[in-house]
Amino acid sequence: ERNIQFFERFLTHTKGRWAGQPFHLLPWQQFAVAMLFGWRRETGARRFNTFFCQVARKNGKTQLLAGLALAMLDFDGEPAAEIYFAATKRDQARLGFDEAARMVKSSPALKHRVTTLRANMHVAGSHSKAEPLSSDYNSLDGLNVHCAVLDEFHAHKDAGLFNVLKSATGARLSPLIAIITTAGFNVDGPCHQMMKGATEVLEGKKTDDALFPLVYTLDDGDDWNDPDVWVKANPSIGVTFNHDFLSRELTSAKNHGGSMVVNFRTKHMNQWVRSSATWIDDDVV
């Protein structure tokens, strides 16, 4: 409850029609925050150290990541906390960082505590900082990670960056690696492998008490043309966007075919599709 209230009391939306309004977490976002911060071990440390969330585009994942990072920076009681925004490219990493910086500047409470610079946010009182990272994980030795957020993990060709960040959490009592991504095309890549492992944990086939998996996608046998199943991949539908938007995207994809259909399935239905460039409709086969 304390961390849910952090979002709703101190953070506001910064873009579009929601700009300036309090960040009232949607039910699925409340569930995520409650699970991550509500479970504790006997030592007092948080149970979950890795958060893997796969959710379709336009469901507010970057905003959720930004809020999580700020909670870990200035609301977690961790001395000299190090928070990092990571992605395959620094520009992508800056999306989450810039969103968090805008949230700070829009918050009367936070802007007096958190100093915001172009590529750094820091809290002088606790010696804590947040920064976007370069994609060159070979140059990241020496980090002491309290929290790292990885956006669009599906674009990573290997697990090098994730492994470096994960290994840099060893000195922290309650670290968090938060991964929020859409589906992608590289079924041999680290994101798809992590998704498979997360699904097996959810199904009880594997055990990992430190992993919190949250996967929003269609079930096997669902027809991605059917609006009734779209909510499975889009838990924010009806709030951040509506069925009409997805209907227009579906119509456009079918009219153009090829990669447009693949893009609709991966980015809006959150389904992994092996090829990003070719598509043969099922009706043709």
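With that, R94 has its place in helix α4, residues 90-105.

Quick housekeeping. This is a predicted model, so local features need pLDDT of at least 70 and side-chain atom pairs count only at pLDDT 80 or more, while totals for chains, interfaces and linings use all residues. Residues are numbered from 1 along each chain as its sequence is written, and side-chain values use heavy atoms, with hydrogens and water left out.

Back to R94. Is R94 buried or exposed? R94 counts as buried, because its relative accessibility is 14%; the scheme is buried under 20% relative accessible area, exposed over 50%, partly exposed in between, with a 1.4 Å probe and protein chains only. Contact, for this talk, means heavy atoms within 4.5 Å. Setting aside neighbours within four places in sequence, R94 has E99, R118, A119 and P132 as contacts.

Now the helix packing. Two packed helices are described by the angle between their axes and the distance between the axes. Axes here are lines fitted to C-alpha atoms, for helices over the stretch in contact, and angles run from 0 to 180 degrees between N-to-C directions. For the wording, under 35 degrees is roughly parallel, over 145 roughly antiparallel, 65 to 115 roughly perpendicular, and the rest oblique.

Let's start with α1, residues 2-10, and α3, residues 61-74: their axes come within 10 Å and cross at roughly 115°. So α1 and α3 are roughly perpendicular to each other. The crossing of α1 past α3 is right-handed, and that means the near helix is turned clockwise from the far one by less than a right angle, with anticlockwise being left-handed. On the α1 side you'll see N3, F6 and F7, and they meet L64, G67, L68, L70 and A71 of α3. By class, that contact of α1 with α3 has six nonpolar residues, two polar and no charged. For those classes, Ala, Val, Leu, Ile, Met, Phe, Trp, Tyr, Cys and Pro are nonpolar, Asp, Glu, Lys and Arg are charged, and the others, Gly among them, are polar.

Next, α2, residues 27-38, against α3: the angle is about 30° and the axes are 12 Å apart. That's why we call α2 and α3 roughly parallel to each other. Their crossing is right-handed. From α2 the contact uses W28, Q29, V33, L36 and F37, and from α3 it uses L64, L68, A71 and M72. Eight residues in the contact of α2 with α3 are nonpolar, one is polar and none is charged.

And how do α1 and α2 sit with each other? Their axes come within 8 Å and cross at roughly 135°, so α1 and α2 are oblique to each other. N3, I4, F7 and E8 of α1 meet Q30, V33, A34 and F37 of α2. That contact of α1 with α2 splits into five nonpolar, two polar and one charged.

F23 is buried, because its relative accessible area is 2%. Outside four places in sequence, F23 is in contact with F7, E8, L11, T12, H13, Q29, Q63, L64 and M103. F23 and G67 are 44 residues apart in sequence, and their C-alpha atoms are 9.1 Å apart.

On to the cores. In soluble globular proteins, nonpolar side chains tend to be buried together. A nonpolar core here is a set of buried Ala, Val, Leu, Ile, Met, Phe, Trp, Tyr and Cys residues joined through side-chain atoms within 4.5 Å. Which residues have the most contacts inside the largest core? F7, F51, L70 and M121 do, in a core of 48 residues. α3 gives the largest share of this core, nine residues. Apart from it lies another core, of 26 residues, including L133, F153, L161 and C191.

Most residues other than glycine have a negative phi. K58, in the loop between β1 (50-54) and α3, has a positive phi of about 75°. A80, in the loop between α3 and β2 (82-86), has a positive phi too, near 50°. A80 counts as partly exposed because its relative accessible area is 34%. That's me done, thanks.

Methods: Helix = DSSP H or I, 4+ residues; strand = E, 2+ residues; numbered from the N terminus.
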